[in-house]
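This report goes through selected features of one structure, section by section. The sequence and coordinates come first.

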Amino acid sequence: MVIPRLALRNVLGAGLRTWLKVVVLSFVFVVIIWAQGFINGLNEQAEQAQVAAEYGGGQYWHEKYDPYDPFTLQDAHGRIAEPLQQFIDDNQATPILIVQGSIYPKGRLRPILIKGIDPSQRIISLPSHVLHLEEEDLPVLIGSRMAKSTGLQVGDFVTVQWRDVRGTFDALDAQVVYIMSTTVQSIDNNQIWVPLKKLQMMTSMEDEATLAVIDKNMENPQNISGWTFKNLDFLLSDIRQLAKVKTFGSMIIYVILLFLSMLAIFDTQILSIFRRRKEMGTLMALGLTRGKLILLFTLEGVLQGILAAIMAAIYGVPLLLYSAAKGWTMPQITDSMGLAIGETLFPVFTAELIIGTFALVLIITTIVSYIPTRKISNLKPTDALRGSLS
Amino acid sequence: MENGYLIKTENLVKTYPMGYGSLVALNRVNLAFQKGEFAGLVGPSGSGKTTLLNIIGSLDVPTEGSTMVLGEKIESLSHKKAAHLRNQHIGFIFQTFNLLPVYTVFENVEFPLLLLGMPAEERKNTVMKALEWVHLADRAKSKPAQLSGGESQRVAIARAIVKEPEIMLADEPTANLDAENSHNILQIMERLNKELSTTFIFATHDEKVMHYLRRKITLVDGAVAKDEILKPQQGGGEN
């Protein structure tokens with residue numbers, strides 16, 4: 001226990017030199033955890049928003065539906081199967097019919113998807129209730145990105161063209177009744193939402209749908225003939241892949257920050273050795289073995305890491321808790337990042353992240369404290385006492 | 001111990017590589033020291049005083065020859081055994097005091113006892129006794145930076161003597177001190193030598209130190225030029 005006591009005495013006795021190192025290291029701790037928490041929050045929020053606004057507890061797809069192949073869309077519809085209709089009647093699912101079409105905002109052609117949804121549904125967080133304002137014209141709900149790109153505003157009329165089930169073109173003037181602000185781009189860009197019954201009637205696809213979204217609390221969805229169930233793992237795979245790519249980017253920042261902290265400790269340890277070589281010679285003369293000398297200096301580095309962790313906890317925990325509770329207001333530009341990002345992003349700090357970061361930084365601190373200290377093993381006591389390194 | 005000698009060197013040679021050749025720091029040195037001696041290695045700079053002191057103190061090893069210290073052959077000792085020998089039996093006093101700057105006076109003096117694993121209460125009493133020896137008990141809580149040169153050297157003496165070593169090696173202990181402090185230090189060391197029978201070996205060219213020496217060994221170009229007994233040794237030992 002002598003060496004740890006001496007190391008603690010040295011670290012505390014070094015005063016400003018120690019505290020400067022500790023402050024810098026603690027700052028690294030907090031920044032690393034905050035940055036990772038920010039990325040975690042980004043990913044989690046993107047998933048949650050996608051689930052709430054589009055995927056619910058999963059989707060039943062018509063067997064011919066393939067969102068990545070627009071040519072299949074023409075045939076990707078069918079009469080809602082009896083078990084699926086039962087879910088819909090029990091308010092456990094909501095059907096969506098998707099057809100291709102065009103709109104002509106300000107006289108320009110714009111290919112779009114027309115999506116029909118039940119205005120009274122409560123399965124997804126889409127504000128479909130606004131589509132109850134059904135009159136002679138076709139009420140249309142669009143997202144803010146769509147509104148911005150087409151120049152449409154609430155109350156504007158726009159011509160909608162589509163083909164019915166037999167391939168006959170038809171058109172109608174639709175009125176924009178609501179512009180929703182959503183973080184989920186896949187329910188916004190290049191699409192309009194209309195009442196399901198109206199769309200079924202327009203396309204002569206009565207009682208038909210392309211897909212049905214089930215309630216997120218529904219357990220063990222059964223297999224239904226002609227309809228394929230897609231669970232959240234499948235539906236979220238793209239966004240998770242995207243998150244992985246972004247996580248890789250954030251890992252680079254993580255590694256850079258760790259590298260910088262490692263460099264700072266390494267540098268200060270080397271400086272310490274040069275500054276304290278006479279002290280090392282004295283310690284050797286007083287009878288400290290080389291092994292214990294290495295242990296002493298390595299422990300000093302580790303103790304600085306522990307002190308930094310304590311300091312980081314003192315000011316970092318309230319700061320991170322505040323950040324997690326109040327969130328972080330996102331700049332407008334992040335809207336184009338490809339993920340569903342809210343106006344305010346709430347960082348997520350998991351126990352794994354905090355404990356893992358502390359452990360990793362402590363391990364690195366130990367290694368970079370040990371490496372320069374190992375040089376001492378080649379130090380001759382007489383050289384050290386003279387103040388030179390052999 | 002060989003023939004009652006605490007320290008004995010035989011044909012001691014120490015050379016340092018220098019350019020294409022080598023510098024001979026010690027050249028066939030044969031010396032022996034008994035318990036309780038108060039001896040000085042004197043001579044001009046570069047005569048090999050510090051080198052000899054370092055070898056006796058197991059801080060360095062000879063190139064040729066042998067050195068027996070307390071029955072241990074210095075050149076055969078492992079790093080660990082040499083460290084133990086220094087910790088348990090040898091005290092060092094340096095020209096520049098070499099106090100540990102972040103420790104208090106008490107902690108500096110306590111350090112060798114911590115390495116010896118002495119219990120806390122006994123350690124405290126021993127440290128205070130050593131500080132009283134050098135009249136610095138009232139400065140126990142001071143840091144080295146707050147001490148004068150004379151006080152710093154007295155702390156260094158307390159640190160060296162606290163474990164009551166058989167051998168004290170002092171390398172130019174008065175070089176950084178004024179006359180008054182030099183005499184104070186030397187009187188303390190003389191008293192320690194008399195009361196504890198500690199063997200003192202100085203490396204010095206300070207006339208003030210020579211006045212206190214009972215044996216003077218003059219080194220010239222690494223060789224013993226003269227070995228004189230100036231006064232009777234403590235306990236009557238002569239070589």
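Predicted model: local features only at pLDDT ≥ 70, side-chain atom pairs only at ≥ 80, totals over all residues.

Over the ring of which residue does the charged end of A:Lys230 sit? The ring is that of A:Phe234, and the charged end of A:Lys230 is 4.5 Å from its centre.

## Domains of chain A

Chain A is divided into two parts: domain 1, made of residues 2–51 + 239–386, and domain 2, made of residues 58–230. The C-alpha centres of domain 1 and domain 2 of chain A are 51 Å apart.

## Aromatic pairs

Over all chains, the structure holds 11 aromatic pairs. One of them joins A:Phe29 and A:Phe358, with ring centres 4.7 Å apart; the planes are at 75°, so the pair is edge-to-face. A:Phe29 belongs to helix H2 (residues 16–55) of chain A and A:Phe358 to helix H10 (residues 351–374) of chain A, so the contact ties together parts that are 329 residues apart in sequence. A:Phe29 is buried, at 0% relative accessibility, whereas A:Phe358 is partly exposed, at 22%.

The rings of A:Trp61 and A:Phe234 also form a pair, with centres 5.6 Å apart and planes at 75°, so this pair is edge-to-face as well. It links distant parts of the chain: A:Trp61 is in strand S1 (residues 59–62) of chain A and A:Phe234 is in helix H6 (residues 232–235) of chain A, 173 residues apart. A:Trp61 has a relative accessible area of 8% and is buried, because buried means under 20%. A:Phe234 is partly exposed, at 39% relative accessibility.

## Aromatic cluster and charges over rings

A:Tyr60, A:Phe87 and A:Phe229 form one aromatic cluster. A:Phe234, besides its ring pair with A:Trp61, has the charged end of A:Lys230 over its ring.

## The largest pocket

The largest pocket has a volume of about 810 Å³. Its lining consists of 35 residues, and those nearest the centre of the pocket are A:Glu54, A:Tyr55, A:Pro67, A:Tyr68 and A:Ser186. By class, the lining has 22 nonpolar, eight polar and five charged residues.

Which elements of chain A each supply at least two residues of this lining? They are H2, S1, strand S3 (93–103), strand S4 (110–117), strand S8 (191–195), H6 and helix H7 (237–275). Domain 1 and domain 2 of chain A each contribute at least three residues to the lining of the largest pocket.

## The cavity

A search of the whole structure for cavities of 30 Å³ or more finds one. The space in this largest cavity is about 60 Å³.

The residues that line the cavity are B:Thr126, B:Lys129, B:Ala130, B:Trp133, B:Ile161, B:Val162, B:Glu164 and B:Leu196. Helix H4 (residues 120–133) of chain B gives the largest share of the lining, four residues. Five of the lining residues are nonpolar, one is polar and two are charged.

## Backbone points

Most residues other than glycine have a negative phi. A:Ser204 is not a glycine, yet has a positive phi of about 55°. This residue is found in the loop between helix H5 (196–202) and strand S9 (208–209) of chain A. A:Ser204 is partly exposed, with a relative accessible area of 26%. B:Arg28, likewise not a glycine, has a positive phi of about 50°. B:Arg28 lies in strand S2 (residues 21–34) of chain B and is partly exposed, with a relative accessible area of 47%.

One further point in chain B concerns B:Glu195, which is found in helix H6 (residues 179–196) of chain B. B:Glu195 counts as exposed, at 52% relative accessibility. The C-alpha atom of B:Glu195 is separated by 9.7 Å from that of B:Gly36, and the two residues are 159 residues apart along the chain.

Note on methods. Residues numbered from 1 in each chain as written. Chains lettered and ligands numbered in written order. Heavy atoms only, no water. 1 Å grid on protein atoms, 1.4 Å probe; cavity = no way out; pocket = protein on both sides within 12 Å on 5 of 7 lines; lining within 4 Å. Points joined across faces, edges and corners; volume = space filled by probe spheres on them. Nonpolar A, V, L, I, M, F, W, Y, C, P; charged D, E, K, R; others polar. Domains from an automatic or database assignment. Phe/Tyr/Trp six-rings, centres within 6.5 Å; stacked < 30°, edge-to-face > 60°. Buried < 20%, exposed > 50% of the residue type's maximum accessible area, 1.4 Å probe, protein only. Lys NZ or Arg CZ within 6 Å of the ring centre and 35° of its normal.
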